[in-house]
Amino acid sequence: MVRILGMCLMVMAVGASAAESARKPVYFRTSARLSLDAQGVPQQVQIDSKLPAVVRSSIEERVMQWRFEPARMDGEPRSGATTVFISACAVPDTQSSGMRLAVDYDWNGPGYANGLPVIIPPRYPVDAAKNSKSGIFRVVIEIQPDGRAEVEAIEPQKGQLRYFEKSLRDWVAALRYVPEEVDGRPVASRVAIPVTFSTEDSPGFRDEMRTARQSSPECGAAKAGSPGEAAPGPVVLDSPFKPITTG
């Protein structure tokens, strides 16, 4: 659930120009490495250092209030670490010259080794592009304790897999993760990732995507002060840390 953070942020804090931020919401995504004790209570939050300090402080304040089911070994609760992925939106505050920030939990699991909050998509196969082929797939991967990924299954939702299978397998083989940890040791996990190949990349399409981000649940909640729902994305199928309270 989305909650409004009780502070005004300077427009420059989210990296947008003052002129544009004064008119439009600013949607962004980030991630944080979270250390948890044996009760599932956050002890330390490491947030992208590229974000302005005021934004990092605000996000940390919210994340430290979240609670998780602790991991267990031999039936006993254990401490550990996971990565949480976050959607946020800064909206002009009509009562001041600053911004209001809404933060929403998306999911948690292994983090990306490159530190980005979103996964780099696979390359569009040349043959598929030449033949105007599109496709939607659910890719289930196994992430090993060393951070490498392997394909478990590729499930077609739309389109022909033969045009995209090699690209998907090469993509997974190149992925690197920061695994979750239990009792100080990295653990394996399984993740399902939705992948869409589409040739619709016209200016009009990009404008629609921009509008969709600005009308996202996060931006809507920041403007209206009401809860929203997380957007669909990767799903960790067996994280040892299940969220209890992320509101």
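The legends below describe an overall view and several close-up views of one predicted protein model. In this predicted model, local features need pLDDT of at least 70 and side-chain atom pairs count only at pLDDT 80 or more, whereas totals for chains, interfaces and linings use all residues. Residues are numbered from 1 along each chain as its sequence is written, and side-chain values use heavy atoms, with hydrogens and water left out.

**Figure 1. Overall view of the protein, with 6 helices and 17 strands.** Helices (H or I, at least four residues) and strands (E, at least two) are DSSP runs, numbered from the N terminus. Of the 247 residues, 40% are buried; buried means under 20% relative accessible area, exposed over 50%, and partly exposed in between (1.4 Å probe, protein chains only). Among contacts (heavy atoms within 4.5 Å) between residues at least 6 apart in sequence, 72% join residues at least 24 apart. The accessible surface comes to about 13,000 Å², and carbon and sulfur atoms account for 50% of that area. Accessible areas come from the Shrake-Rupley method with a 1.4 Å probe; for residues, only the protein chains shown count as cover.

**Figure 2. Salt bridge between Arg29 and Asp106.** A salt bridge is a side-chain nitrogen of Lys or Arg within 4 Å of a carboxyl oxygen of Asp or Glu, and the whole structure has 7 of them. In the pair shown here, the closest N and O atoms are 3.4 Å apart. The bridge links distant parts of the chain, since Arg29 belongs to strand 2 (residues 26-36) and Asp106 to strand 8 (residues 99-109), 77 residues apart. Arg29 is partly exposed, at 33% relative accessible area, whereas Asp106 is buried, at 13%.

**Figure 3. Salt bridge between Asp183 and Arg78.** The N to O distance in this bridge is 3.8 Å. Asp183 sits in the loop between strand 13 (181-182) and strand 14 (185-186), while Arg78 lies in strand 6 (residues 76-78); the two are 105 residues apart, and the pair links distant parts of the chain. Asp183 is partly exposed, with a relative accessible area of 38%, and Arg78 is partly exposed, with a value of 25%.

**Figure 4. Salt bridge between Asp146 and Arg148.** The closest N and O atoms of this pair are 3.9 Å apart. Asp146 is exposed, with 54% relative accessible area, and Arg148 is partly exposed, with 44%.

**Figure 5. The second largest pocket, with a volume of about 290 Å³.** On a 1 Å grid over the protein atoms alone, a pocket is an open set of points with protein on both sides within 12 Å along at least five of seven lines, and lining residues have an atom within 4 Å of a point. Of the 15 lining residues, Ser31, Tyr112, Asn114, Gly115 and Leu116 lie nearest the centre of the pocket. Strand 2, strand 3 (42-47) and strand 9 (111-112) each give two or more residues to the lining, and strand 2 gives the most, with 3 residues.

Figure 6. Ser31 is buried, with a relative accessible area of 13%. Leaving aside neighbours within four places in sequence, Ser31 is in contact with Gln46, Ile47, Asp48, Thr83, Val84, Phe85, Gly115, Leu116 and Pro117. Ser31, Gly115 and Leu116 are also among the residues nearest the centre of the second largest pocket.

Note on methods
1 Å grid on protein atoms, 1.4 Å probe; cavity = no way out; pocket = protein on both sides within 12 Å on 5 of 7 lines; lining within 4 Å. Points joined across faces, edges and corners; volume = space filled by probe spheres on them.
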